[in-house]
Amino acid sequence: MDLPADQLAALRNLALKKTGKDVDWINISAARALTDLGFAERDPAGWGITAAGEAWLSAHAAGEAAAGAGPTGVTPMDRR
């Protein structure tokens, strides 16, 4: 499953927020959509990423890395 760019950005921001880093802002409509998917939750402290959201983000990052690297670990753009 792919996420729209705004939801992916919000999910990444929520992951950074969980680590204690300052984040720019969380798009509320994207965060609500992530809540519907089970990737985010809202509590009195604000928006947060769920375990399912962290798992999806981790799998997505691994998929991006695998898709972008060729058999030698060189990205297609770097091949000559």
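This report walks through the fold, the core and a few individual residues of a predicted model.

## Overall layout and confidence

Let's start with the big picture. The protein chain holds three helices and two strands, and read from the N terminus the order of its elements is α-α-β-β-α. Of its 80 residues, 29% are buried. The chain exposes about 5,400 Å², and 57% of that area is supplied by carbon and sulfur atoms. If you look at contacts between residues at least 6 apart in sequence, 45% of them join residues at least 24 apart.

How confident is the predictor? The chain has an average pLDDT of 85, and 84% of the residues score at least 70. Among the elements, α2 has the highest mean pLDDT, at 96, while α3 has the lowest, at 86.

## The hairpin

β1 covers residues 40-43 and β2 covers residues 46-49, and they pair in the antiparallel sense through four bridges. Two residues sit between the strands, and together β1 and β2 form a hairpin.

Two of the partners can be named here. Ala40 has Ile49 of β2 as its bridge partner, and Glu41 is bridged to Gly48 of β2.

## The nonpolar core

Which residues touch the most other members of the largest nonpolar core? That core has 15 residues, and the answer is Leu3, Leu11, Leu14, Ile26, Leu34, Phe39 and Trp56. Two or more residues come from each of α1 (5-18), α2 (28-37), β2 and α3. The most is given by α1, with four residues. As general background, nonpolar side chains tend to be buried together in soluble globular proteins.

Not counting residues up to four places away in sequence, Leu11 touches Leu3, Leu34, Phe39, Ile49, Gly53, Trp56 and Leu57.

## Helix α2 and its two sides

Helix α2 has buried residues at Ala30, Ala31 and Leu34. These three lie on the same side of α2, because the arc they cover around the axis is only 100 degrees. On the other side of α2, Arg32 and Asp36 are exposed. The cover over the buried residues of α2 includes α1, β1 and β2.

Just after α2 comes Gly38, which takes a positive phi of about 85 degrees.

## Phe39, between α2 and β1

Phe39 is found in the loop that links α2 to β1. Is Phe39 buried or exposed? Its relative accessibility is 7%, so Phe39 counts as buried, the cut-off being under 20%.

Beyond its neighbours within four places in sequence, Phe39 contacts Met1, Leu3, Leu11, Leu34, Gly48, Ile49, Thr50, Ala52, Gly53 and Trp56. For Gly53, the C-alpha atoms tell the story too: Phe39 and Gly53 are 14 residues apart along the chain, yet their C-alpha atoms are separated by 3.8 Å.

Asn13 has its place in helix α1. With a relative accessibility of 18%, Asn13 counts as buried. Setting aside neighbours within four places in sequence, the contacts of Asn13 are Val23, Trp25 and Ile26.

His60 lies in helix α3, which spans residues 51-68. Its relative accessible area is 17%, so His60 is buried. Leaving aside neighbours within four places in sequence, His60 is in contact with Leu8 and Arg12.

Ala51 is also in helix α3. Is Ala51 buried or exposed? Its relative accessible area is 60%, so Ala51 is exposed, the cut-off for that class being over 50%. Ala51 and Gly38 are 13 residues apart in sequence, and the distance from C-alpha to C-alpha is 8.8 Å.

Key:
Residues are numbered from 1 along each chain as its sequence is written. Side-chain values use heavy atoms; hydrogens and water are left out. Two strands pair if DSSP finds at least two bridges between them. Buried means under 20% relative accessible area, exposed over 50%, partly exposed in between (1.4 Å probe, protein chains only). Contact means heavy atoms within 4.5 Å. A nonpolar core is a set of buried Ala, Val, Leu, Ile, Met, Phe, Trp, Tyr and Cys residues joined through side-chain atoms within 4.5 Å. Accessible areas come from the Shrake-Rupley method with a 1.4 Å probe; for residues, only the protein chains shown count as cover. The arc is that of the directions from the helix axis to the C-beta atoms. pLDDT is the predictor's confidence in each residue, from 0 to 100.
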